[in-house]
Amino acid sequence: MSEISQTILQTSFDEIGEIIRSHQSFIIMSHVRPDGDAIGSQLALGCSLLAANKTVRMIHQDGVPENLAFMAGAELIEPPPSEPILADVAIALDTAAKPRLGDAVIHAASKAKIWLNIDHHLSNPGYGDLNRIDPTSPATGQIIYQLITSQKLPLPAASRDAIYIAVSTDTGSFQYPSTSAETYELAADLVRRGLEVGKINTQLYDSYPFRRIELMRRLLNSLERHADGRIAAWEMRDQTRVELELVPDDSEGLIDLIRAIRGVEVAVFFEELPEGKIRVSMRSKNPLYNVCEIAVALGGGGHALAAGIRMAGPLETAKKLVLDAIKNQLAKI
Ligand code: AMP
Ligand code: MN
Ligand code: MN
């Protein structure tokens, strides 16, 4: 296990398998503002445990976003009930820090006897009773695949498709450097098990609402370059959300457009949230430049090449703080 975090005591797949075999009821959770890896990991493990005749509650504070509503089993994900659920094991997936599950979810899972934390974020402090944090894994979905296959848990079609969606979305369609031979082997195995690649990719990537393209137009108008073109940044005012009737996942992945500019090493997206806070998304294209360090220093977290922060506004103040921090770091490389 030398490849994974040294500072947190890691739970093996056999130990997690034993916990699953020896308990009956489970709560499965993932982070607020969910992405494909969050919902995909939740459905992959949840549907596998259901197929193993376990009692499973899949709960989410924000629910399944519109762009992932096509997923098989999406209707099984429910809002957290107001009273704590009486379950043996609560499993947090793809969630870098416990508060990112959302208060209502944390409350609903508060009576579980064991908390299990399965994730791939470098900044995860290991908040579970048992933890499996593998920052070398490109997606939590890949860890779930390893767990299911190593423990010979059922892999129904819903879990098969959910794992593909989790891994594809977190690797930028199998492109980011964290994509390994194992990731391609996982995809090949899922295709052999009946996954329809063309169909699922059309559902995922060729079905955007028009308002997302209108948002892109607004963002392009705000595009700025700094540090001789090594930084590209754009911003979104809350007014844009109101005018275009946007939902949170409309902006998901758009940052990749400016990350892809030649010469850009760091891309940043500033989004003004309705309550006045600022959501910052950062992407690095330079393996020497770790955006997670900047994020952690300003109260956020994530991965070396993809990290985020939720910080105090106003937008101009947050922007200056973040851009100055990035420029300082870049000047050292
Ligand atoms: P995003 O830019 O929102 O796609 O997030 C990039 C990565 O950073 C994801 O893996 C997130 O889970 C993580 N991340 C984003 N925002 C935060 C935050 N406020 N705290 C901790 N991790 C975050
Ligand atoms: Mn995620
Ligand atoms: Mn993830």
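His 31 is buried, with a relative accessible area of 5%; buried means under 20%, exposed over 50%, and partly exposed in between, using a 1.4 Å probe and the protein chains only. This is a predicted model, in which local features need pLDDT of at least 70, side-chain atom pairs count only at pLDDT 80 or more, and totals for chains, interfaces and linings use all residues. Residues are numbered from 1 along each chain as its sequence is written, chains are lettered from A and ligands numbered from 1 in the order in which they are written, and side-chain values use heavy atoms, with hydrogens and water left out.

Let's look at the metals. Donors here are N, O and S atoms within 2.8 Å of the metal (3.2 Å for Na, K and Ca), and sites may look incomplete as water is not among the atoms. His 31 sits in the loop between β1 (25-30) and α2, and Asp 94 in the loop between β4 and α3, so this pair ties together parts that are 63 residues apart in sequence. Helices (H or I, at least four residues) and strands (E, at least two) are DSSP runs, numbered from the N terminus.

The manganese ion (ligand 3) has protein donors of its own: Asp 37 (OD), Asp 94 (OD), His 120 (NE2) and Asp 170 (OD), lying 2.1 to 2.2 Å from it. At 1% relative accessibility, Asp 94 counts as buried.

Now for ligand 1. Around ligand 1 there are 14 residues, and His 121, Arg 279, Ser 281, Arg 283 and His 303 come nearest; a residue counts as near if one of its heavy atoms lies within 4 Å. Some polar contacts, meaning pairs of N or O atoms within 3.5 Å, are listed here:

| Residue | Part of the residue | Atom of ligand 1 | Distance |
|---|---|---|---|
| Arg 283 | side chain | oxygen | 2.9 Å |
| Gly 301 | backbone | nitrogen | 3.4 Å |
| Gly 308 | backbone | oxygen | 3.4 Å |

The elements giving two or more residues to this shell are β10 (278-284), β11 (301-302) and β12 (306-311). The largest share, five residues, comes from β12.

How values were computed:
Polar contact = N/O pair within 3.5 Å; in protein donor to acceptor, adjacent residues only side chain to side chain.
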